[in-house]
Structures are given as C-alpha cells and as structure tokens.
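This report describes selected structural features of the protein shown below.

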Amino acid sequence: MRRPTRSRGRLLVAGLVLCAVAAAVALGVWLQFGERHHLDTRYRAGGTEPDRVDITASVQRVDAAGRELTLRLLVTPRGRLAEAGGVSPAESLTLQTSAAVRGDLAFPAHGRISTVDVPVTLTAGSITDYPFDAYDTELEFGAVQGGEAVPVRMTLTNNDALFAASVDASAADDAAVFSVGLERSTSVLIFAVFMMAAMWALAIAVLIGAWFLLSRRKGLTWPALGWMAATLFALAAFRNTAPGAPPIGSLLDYIAFLWAETVIAFCVITVVVMGMRAESRPSPDPPASP
C-alpha cells in the first residue's frame, strides 16, 4: 500500500524540481534580453549641421567605490572641420567639458584622432547602500576650433552590464548636455536580494538544527557540527560573489550577512558547550541481571 504513495511523492518532487529549473531558465532569458535592451539604447543630443563635431561616448565601467565612471570618447570632425574623412581636424580642436569630466580635451591640427578614456566624477549615492545605491553625473561637451565655437552632435551608450542608465539628453548653445542617472541593473538587484534571502535561510536552517540537537540532548554530534561550521565559513565565500564586489559594510552585510554569521556562530558555540556538558554526564548503570 505504501509504494503508490512513495511513487507519487517522488513524481511530485521531480515535478517541483523541473518547475524550479524552468522558472530559473525563463528568468535568466528575460534578464538577458532586458539587459541587452538597456545596453543597446542610444541617447543623442546636438544638431545635424554638415560642419560639426561628432562625439561617440560609451560608459565602459562604473567604479561605485571610487565614485567615478570611465567614459570612452571617439571624436570625429565633419565637413570643413575635418581632414581625411574625419580622421584628423583641419585646425586645432578643443572639447570643452563639464566639471565632472575633469578638464578639457585638445586635439592638434592634422593629427590623427584616436579614442580616449576619461574619468567622470559621480555625485549622490553611496556604495554602502548596495544593492540599492544610485548615482548621478552631468556631462556637457562643446567644441572650439580656430577660436570659434562649432556645433556638437553626441551619442551616449552604456556598456556596463552591472548598472542601468537613465539619461536626459538636450542641446544648449551648440553643446550636448546629458543628465545621467545610474543604478544597479535588474539582474544585479535580483541576485543580491536572492543572496540575502539565501543567507537568512541558511542561518535559520542551522538554528533549527541546533534546536533539535539541544532539545534531544544529542551531545557532540560531529557530522552536524561539521555542517554548521562549514556553513559559517561558506557564507563568507558566498558573500564575496556578490555582483559588483561591494566592500564590507554595505547594506547587504547589515541586512543579511553579518546577522547570519552571528546566528550561525552562536548556534555552533551553544551546541558545542551544551554537547560537552551532555557528554560529561555519567551514563546510567545498566539494570542488574536477575
């Protein structure tokens, strides 16, 4: 009579596992397409005059701990401003930038223009708010050639998959202006929340195991103690796999990691102390045979 029940139970477990795997795969595909959509989004500002300076800019990396991002620029003069199809400027070209970009960029006349990486300062936000930290910056690029201001057309993209960008693009006096907001991408946020939930789940599992050992007076049960101690050290390695490698002291630690470590360490110490007391008690004498 028990075999059908066991078979149904195994089928139920197998069905639940398959559903979980399918849900994980579907979530991964959805996140992949969602992140690609954000990374492929282009923001443009500036005029379309034939004689202008085209700037292609991309966010290569966001350093939240250092509060800066790396912006890669490709500058291409057009029309009468250029030589050799935009490879070099006809006259000395200067890009005037906002304060966040830390200085203007100069390109000598008749010299080949290559890509350049520039650091950009981030404002607002703090890495200690990980994974809910968000940052802002202001980008403004104008061009001067031959002592006169020339029109600028700029395209901005984001290549850092760990951050999602929201951009407000506009033009002012032949300059391109971008107000950029950066926050953790959806995939990073989902995995960080999952990590916090997993840390608490492991801590609660160890707490339940400790309660079982203590209530049953099991003494020093070494397999259980080994599992608890392994969980204590495994959590540290698990925490260090958080996307973006946040430093110790972030919100992730205060919500989950440090508390989970505290709970597990307390359980291990309590089980060892109470187990030693149980082991030190003399065992009752067996009843005498008649």
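## Salt bridges

Arg52, Asp54 and Arg78 are joined in a network of salt bridges, a salt bridge being a side-chain nitrogen of Lys or Arg within 4 Å of a carboxyl oxygen of Asp or Glu. The model is predicted, so local features need pLDDT of at least 70 and side-chain atom pairs count only at pLDDT 80 or more, while totals for chains, interfaces and linings use all residues. Residues are numbered from 1 along each chain as its sequence is written, and side-chain values use heavy atoms, with hydrogens and water left out. Under the stated rule, the count comes to six salt bridges.

One of the pairs is formed by the side chains of Arg72 and Asp117, with an N to O distance of 2.8 Å. This pair links distant parts of the chain, with Arg72 in strand β3 (residues 68–77) and Asp117 in strand β8 (residues 116–121), 45 residues apart. Strands (E, at least two residues) and helices (H or I, at least four) are DSSP runs, numbered from the N terminus. Arg72 counts as partly exposed at 35% relative accessibility, and Asp117 is partly exposed with a relative accessible area of 40%. In these terms, buried means under 20% relative accessible area, exposed over 50%, and partly exposed in between, with a 1.4 Å probe and protein chains only.

## Buried charge pairs

A salt bridge also connects the side chains of Arg184 and Asp133, at 2.9 Å from N to O. Arg184 belongs to strand β13 (residues 175–184) and Asp133 to the loop between β8 and β9 (134–145), so the pair links distant parts of the chain, 51 residues apart. Both Arg184 and Asp133 are buried.

The side chains of Arg239 and Asp253 meet in a further salt bridge, 2.7 Å from N to O. Because Arg239 lies in helix α3 and Asp253 in helix α4, this pair ties together parts that are 14 residues apart in sequence. Arg239 counts as buried at 3% relative accessibility, and Asp253 is buried with a relative accessible area of 0%.

## Helix α3

Helix α3 comprises 18 residues (residues 222–239), which should span 26 Å at 1.5 Å a residue; the expected span is 1.5 Å times one less than the number of residues. The end C-alpha atoms of α3 are 26 Å apart, in agreement with that value. The helix has a kink of about 25° centred on Phe233, where the bend at a residue is the angle between axes fitted to the seven residues ending there and the seven starting there.

Which residues of α3 are buried? They are Ala224, Leu225, Met228, Thr231, Leu232, Leu235 and Arg239. An α-helix has 3.6 residues a turn, so residues three or four places apart point the same way. The buried residues of α3 pack against α2 (186–215) and α4 (251–280).

## Nonpolar surface patch

Phe132, Val193, Trp200, Ile204, Ile208, Ile255 and Trp259 form a nonpolar patch on the surface, with about 670 Å² of accessible area together. Such patches are made of residues with over 30% relative accessible area and no salt bridge; nonpolar side chains (Val, Leu, Ile, Met, Phe, Trp, Tyr) are joined within 5 Å, and like charges within 9 Å. Accessible areas come from the Shrake-Rupley method with a 1.4 Å probe, and for residues only the protein chains shown count as cover.

Both α2 and α4 supply at least two residues each, and the largest share, four residues, comes from α2. Val193 lies in helix α2 and is partly exposed, with a relative accessible area of 38%. Phe132 is placed in the loop between β8 and β9 and counts as partly exposed at 45% relative accessibility. Leaving aside residues up to four places away in sequence, Phe132 touches Leu189 and Leu251, contact meaning heavy atoms within 4.5 Å. The C-alpha atoms of Phe132 and Ser250 are separated by 10.0 Å, and these residues are 118 residues apart along the chain.

## Backbone geometry

Most residues other than glycine have a negative phi, and most peptide bonds are trans. Tyr130 and Pro131 are joined by a cis peptide bond, with omega about 10°. Pro131 is found in the loop between β8 and β9.

His110 has a positive phi near 65°. His110 lies in the loop between β7 (105–107) and β8 and is exposed, with a relative accessible area of 55%. Asp174 has a positive phi of about 65°; Asp174 is in the loop between β12 (163–172) and β13 and is partly exposed, at a relative accessible area of 40%.
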